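Work through the exercises below with the sequence and the 3D view open. Each task is followed by a solution in steps.

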Amino acid sequence: MWRHCLLPGLAVWLAAAAPAHAYIAYVSNEKGNTVSVIDTDSWTVTNTIKVGQRPRGIEFTRDGKFVMVAVGDDDTIQMIDTKTHEIADTLPSGPDPELFTQDTTGKILYVANENDNTVTIIDIAKRARLGDIQVGVEPEGMTMSPDDKILINTSETTNMAHFIDTTKREIVANVLVDSRPRFAQFKPDGSELWVSSEIGGTVSIIDPVKHAVTGKIEFSIPGLRREAIQPVGIGITKDGKTAFIALGPANRIAVVDAATHTVTKYLLVGQRVWHMAFTPDEKYLLTTNGVSNDVSVIDVASQKVIKTIQVGELPWGITITPQ
Amino acid sequence: MTSTTITERPKGFSFSEYMTCLTGIVWREGLRFLHQRERFISALVRPLVWLFIFAAGFRQVLGISIIPPYETYILYEVYIAPGLMAMIQLFNGMQSSLSMVYDREMGNMRTLLVSPLPRGYLLFCKLLAGTAVSLLQVYAFLLIAWFWDIAPPTIGYLTVLPALILSGLMLGALGMLISSGIKQLENFAGVMNFVIFPMFFASSALYPLWRVQEGSPYLYYVCQANPFTHAVELIRFALYGKINWVSLAVVAGCTAVFMIGAILAYDPSRGLARRGPAGGET
């Protein structure tokens with residue numbers, strides 16, 4: 001009888017004692033011209049990879065074999081082999097690529113070229129440029145609707161979110177948002193599009209069907225001037241219930257109830273927090289803190305910052321192993 | 001004819017006799033504390049004023065870098081919480097010393113010191129009683145601080161207990177040593193000015209020592225030599241499940257020195273209490 005109790009008990013204990021699944025995070029360091037590799041089990045930097053000049057946008061290919069990094073001053077996208085940690089190939093972007101997104105199949109890459117007011121379409125497998133779409137001035141934020149039909153690009157100076165039909169490869173709608181839109185993110189069910197405005201200090205909630213702003217999230221932190229609160233990166237959990245918004249020089253991540261669009265908490269992280277990425281199990285959220293040259297780790301369930309890890313100079317973007 | 005058997009009392013005291021004495025002293029101190037609601041409230045208000053007003057005002061002025069035991073950036077109120085816990089114990093230690101002066105003036109001290117148990121043990125019991133009272137105050141403070149989003153790891157509430165006991169004993173022993181030199185209750189104001197304030201401000205309670213070093217290297221050495229700094233750091237590390245060995249050694253050493261000093265000072269044959277008759281040295 002005791003064996004019946006002991007064995008399951010032992011199994012539970014072993015499961016609890018076993019270390020969490022380790023993922024690998026890659027952080028682009030804009031000024032250091034490097035990519036820092038972080039082990040999410042030990043929370044240490046295990047490697048630093050030299051890349052081209054001014055690395056910013058960074059993302060895994062869907063098969064997990066490469067990490068793509070936009071090296072703006074080299075006018076290209078470099079592909080880092082995740083096994084050898086060497087630059088294996090490049091993709092032909094336009095001038096000064098900053099952020100990019102890919103479709104759900106991982107075949108097509110869309111790149112925002114900051115200096116050229118265009119979005120470049122690239123076939124990842126063929127490493128071939130398929131065409132360009134003219135957008136507003138200083139394009140930056142890039143995201144794809146869950147059904148792959150609509151690509152969103154935000155242009156910093158035009159202050160717009162451009163809705164691009166991926167089949168026709170043309171803009172079908174423009175939505176005016178607050179000053180300097182930096183980043184765009186769909187809710188996982190595609191019901192809302194969130195666009196952060198750095199200078200405006202807001203996140204606009206957009207109805208993607210009506211192409212209209214239906215609400216705005218505003219931020220207020222005691223003791224901080226409004227101008228110091230500059231929303232940039234956005235992360236929304238898969239269940240669509242909780243959102244995390246990086247507030248730049250406010251050194252805070254705002255935790256937002258994604259249903260009511262109300263801020264529930266502010267978490268202190270490093271200086272000039274910019275972008276973020278969840279681990280695939282959504283246990284942790286990692287944020288890049290540009291001025292303090294580190295990455296903060298947030299425990300998503302308890303909504304607490306548990307650790308901060310020193311990385312390279314001016315960390316900008318971050319991506320984590322897809323599986 | 002009846003015969004009377006006279007049994008000789010065994011030498012020394014049994015464990016239960018020691019425990020009776022300990023319980024009696026701790027119980028008296030506890031009851032006295034609980035009956036003085038104003039004391040309990042003021043013991044809490046003092047650190048809370050620092051936490052809610054001072055820390056809120058200085059939140060943006062004093063930047064905090066990542067220093068052990070912290071593993072990420074923290075708000076200023078999180079930083080000063082261990083310092084305020086130690087402050088509670090510092091005031092409590094001094095208040096206990098004040099009560100000893102009062103006891104001496106009222107004659108209660110004589111009742112205590114005529115007990116057949118060793119004088120050192122009696123004073124140690126008194127010290128433990130004062131520490132127990134300070135623990136009540138500190139945990140009440142931690143409870144309120146939790147609502148202010150100052151929440152160390154759950155295990156920290158347990159791991160901080162030994163550190164609090166040790167620092168409570170050290171500060172209590174210091175208070176006891178000081179009280180042996182105070183002749184009148186009115187002199188306690190001097191303790192405030194010459195002991196509590198310098199100890200509190202010249203420590204790592206309100207600002208990290210690297211920041212003090214930036215401002216004044218001399219003050220940095222003063223802070224390093226201040227036992228209160230080590231009490232604060234011992235508590236700070238323990239609150240996050242870690243041990244600061246240097247602070248532990250300093251606090252343990254100071255506790256022993258202050259305790260021995262207090263026992264010697266209260267020995268009527270050698271100590272300062274000889275200066276006047278117990279209960280009437282005015």
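**Exercise 1: a pair of strands and its sheet**

Strand β20(A) is joined by 3 bridges to strand β21 (residues 242-246) of chain A, and the two run antiparallel. The model is a predicted one, in which local features need pLDDT of at least 70 and side-chain atom pairs count only at pLDDT 80 or more, while totals for chains, interfaces and linings use all residues. Residues are numbered from 1 along each chain as its sequence is written, and chains are lettered from A and ligands numbered from 1 in the order in which they are written.

Solution. 
- Step 1. Strands here are DSSP runs of E of at least two residues, helices are runs of H or I of at least four, and both are numbered from the N terminus. Two strands pair if DSSP finds at least two bridges between them.
- Step 2. The order is β20-β21-β22-β23 in chain A, an open sheet of 4 strands with antiparallel pairing.
- Step 3. β20 (234-236) and β23 (262-268) of chain A each have a single partner strand, so one side of each lacks a neighbour in the sheet.
- Step 4. From one strand to the next the twist averages 20°, with angles taken from 0 to 180 degrees between the N-to-C directions of axes fitted to C-alpha atoms, for helices over the stretch in contact.

**Exercise 2: a residue in an edge strand**

Task: Is Leu267(A) buried or exposed, and which residues is Leu267(A) in contact with beyond its sequence neighbours?

Solution. 
- Step 1. Find Leu267(A) in strand β23 of chain A.
- Step 2. A residue is buried if 20 or more other C-beta atoms, placed from the backbone, lie within 10 Å of its own, exposed if 12 or fewer do, and partly exposed in between.
- Step 3. Leu267(A) has 21 C-beta neighbours inside 10 Å and therefore counts as buried.
- Step 4. Two residues are in contact if their C-beta atoms, placed from the backbone, lie within 7 Å. Leaving aside neighbours within four places in sequence, Leu267(A) touches Arg252(A), Ile253(A), Val255(A), Ile298(A), Gln303(A) and Val305(A).

**Exercise 3: a second sheet in chain A**

Solution. 
- Step 1. The strand order is β8-β9-β10-β11 in chain A; this open sheet has 4 strands and antiparallel pairing.
- Step 2. The edges are β8 (97-102) and β11 (128-134) of chain A, each of which pairs on one side only. The twist from one strand to the next averages 25°.
- Step 3. β8(A) pairs with strand β9 (residues 108-113) of chain A over 4 bridges in the antiparallel sense. Phe100(A) has Val111(A) as its bridge partner, and Pro97(A) stands opposite Asn113(A).
- Step 4. The two strands form a hairpin with 5 residues between them, and Gly106(A) in the turn has a positive phi of about 80°.
- Step 5. Of the 6 residues of β8(A), 6 are buried.

**Exercise 4: crossing helices in chain B**

Task: How many helices and strands does chain B have, and at what angle do α10(B) and α11(B) cross?

Solution. 
- Step 1. Chain B has 11 helices and 0 strands. Buried residues make up 38% of its 282 residues.
- Step 2. The axes of α10 (residues 227-239) and α11 (residues 245-265) of chain B come within 8 Å and cross at roughly 125°.
- Step 3. That angle makes α10(B) oblique to α11(B); angles under 35 degrees count as roughly parallel, over 145 as roughly antiparallel, 65 to 115 as roughly perpendicular and the rest as oblique.
- Step 4. The residues of this contact divide into 7 nonpolar, 2 polar and 1 charged. Ala, Val, Leu, Ile, Met, Phe, Trp, Tyr, Cys and Pro count as nonpolar, Asp, Glu, Lys and Arg as charged, and the others, Gly among them, as polar.
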